Amino acid sequence: MAKIAIMGFGTVGAGVAEVARRNQEIIARRLGEEVYVKYILDVRDFAGSPYADRMIKDFSVIENDPEVEVVVESIGGAKVALDFTRRALLAGKHVVTSNKELVATHGRELLEIAREKNVNYLFEASVGGGIPVLRPLFQCLAGNEIEEIYGILNGTTNYILTRMVQGGISFADALKEAQAKGYAEKDPTADVEGIDAGRKICILSDLAWGKEVSPADISMEGISSIHLTDVDIAAAAGYRVKLLGRAMRLENGKQAAYVAPHLVSISCPIATVDDVFNGIMIRGNAVGDVMFYGRGAGDLPTASAVMGDVIDAVQHREKRRNLGWSQGAALVSAAELPMKWYLRGNFSLDDARTVCGQAEELRTGAVITGAMTETQAKAAAGKLGAVSMLRVL
Ligand code: HSE
């Protein structure tokens with residue numbers, strides 16, 4: 001029997017306990033032994049909980065119990081979670097997490113401790129919730145040079161953008177709706193300003209190219225200043241506005257990563273990923289494009305990924321998974337990447353062609369330019385008096 005402890009009994013932690021209970025038999029059959037939740041750590045009291053007999057408030061109980069093999073960290077944030085994860089790894093326990101902030105900011109150090117202690121630190125649920133994407137990236141696609149990764153990595157903002165295009169409502173109203181449905185938090189900053197997607201694209205980059213890309217090193221732009229007018233013009237012309245995380249390897253061996261809203265043609269499958277769903281495209285030099293789609297958040301989808309990692313950790317208890325990345329990514333700023341731009345303002349197509357060289361009209365006063373850097377696009381937007389500018393995938 002594999003005994004585990006869950007730290008943090010919020011949405012994800014409770015989901016993991018539920019999956020362990022509901023799928024107890026099938027997990028035992030697949031693993032060859034039962035997974036038993038021995039402790040649940042939380043500072044709060046949960047009167048009447050069916051797990052009341054396993055609730056504890058003192059982390060050292062887990063740390064000092066040799067029977068606990070795997071610790072699920074679903075506390076969130078990078079303070080208490082960092083301290084407890086370090087201590088659990090140092091105590092020789094495998095740690096599994098859904099905590100993207102912690103993995104993106106301290107993953108390298110934690111994986112190094114895991115290597116020294118010969119245990120696993122696994123985090124499939126930290127990107128794409130229930131979507132299997134990290135294991136396919138580091139295992140099934142390991143024979144490829146990864147060229148590019150892009151996708152919708154945040155469900156809350158995708159719900160807001162979907163409601164704007166389908167419901168014809170403003171960003172502010174769509175955000176209120178998302179909050180009423182429990183998708184967006186009371187303080188939605190991390191989601192709507194692209195920070196959550198930024199952490200996830202950093203984790204994908206770390207795994208794809210083996211060099212640490214910190215959230216602090218990349219530009220993150222969210223959707224709070226997206227106008228309904230631009231969403232509507234894009235939709236009428238066959239595009240969807242989507243918040244994308246993007247990471248790529250450049251020909252000079254350098255790499256880039258950023259988060260920003262983009263116009264995506266509806267001929268691209270990523271444009272059809274709606275509501276709270278996530279979609280991630282990975283391009284390998286042997287496989288070509290592979291797309292991953294599914295529920296990027298929620299208690300049971302996230303717990304599904306966590307439980308998969310728990311099972312994997314137990315299966316790799318003797319010979320740990322070889323995961324990790326080093327420092328020293330050679331990063332190119334997103335502002336230097338040439339790409340097409342959407343510009344809107346009170347200008348003619350001729351004006352746009354004179355200033356940008358190349359321009360395709362979506363509607364009077366709304367064009368898509370040829371490829372240029374952000375600096376060039378900003379200069380062109382300034383000359384044309386554009387009121388909106390967005391990247392085009
Ligand atoms: N706030 C995140 C989202 C939760 O909306 O996608 C999952 O990471």
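Student: How many cavities of 30 Å³ or more does the count come to?

Tutor: This is a predicted model, in which local features need pLDDT of at least 70 and side-chain atom pairs count only at pLDDT 80 or more, while totals for chains, interfaces and linings use all residues. Residues are numbered from 1 along each chain as its sequence is written, and side-chain values use heavy atoms, without hydrogens and water. A cavity is a set of points, on a 1 Å grid over the protein atoms alone, where a 1.4 Å probe fits but cannot get out, with points joined across faces, edges and corners. The count of cavities of 30 Å³ or more comes to 2.

Student: Which helix gives the most to the lining of the second largest cavity?

Tutor: The second largest cavity has a volume of about 40 Å³. L122, F123, E124, L134, R135, F138, D309 and L323 line it. With 3 residues, the helix that gives the most, spanning residues 134-140, is α6.

Student: Which elements give two or more residues to the shell around the ligand?

Tutor: The ligand sits in the largest pocket; a pocket is an open set of grid points with protein on both sides within 12 Å along at least five of seven lines, and sitting in it takes more than half of the molecule's atoms within 2 Å of its grid points. The elements giving two or more residues to the shell are α7 (155-167) and α10 (195-209).

Student: Which residue has a polar side-chain atom 2.6 Å from an oxygen atom of the ligand?

Tutor: The residues around the ligand (a heavy atom within 4 Å) include K100, N154, T156 and K200. A polar contact is a pair of N or O atoms within 3.5 Å; N154 has a side-chain N or O atom 3.4 Å from a ligand oxygen, and for K200 the distance is 2.8 Å. The residue at 2.6 Å is T156.

Terms used:
Polar contact = N/O pair within 3.5 Å; in protein donor to acceptor, adjacent residues only side chain to side chain. 1 Å grid on protein atoms, 1.4 Å probe; cavity = no way out; pocket = protein on both sides within 12 Å on 5 of 7 lines; lining within 4 Å. Helix = DSSP H or I, 4+ residues; strand = E, 2+ residues; numbered from the N terminus.
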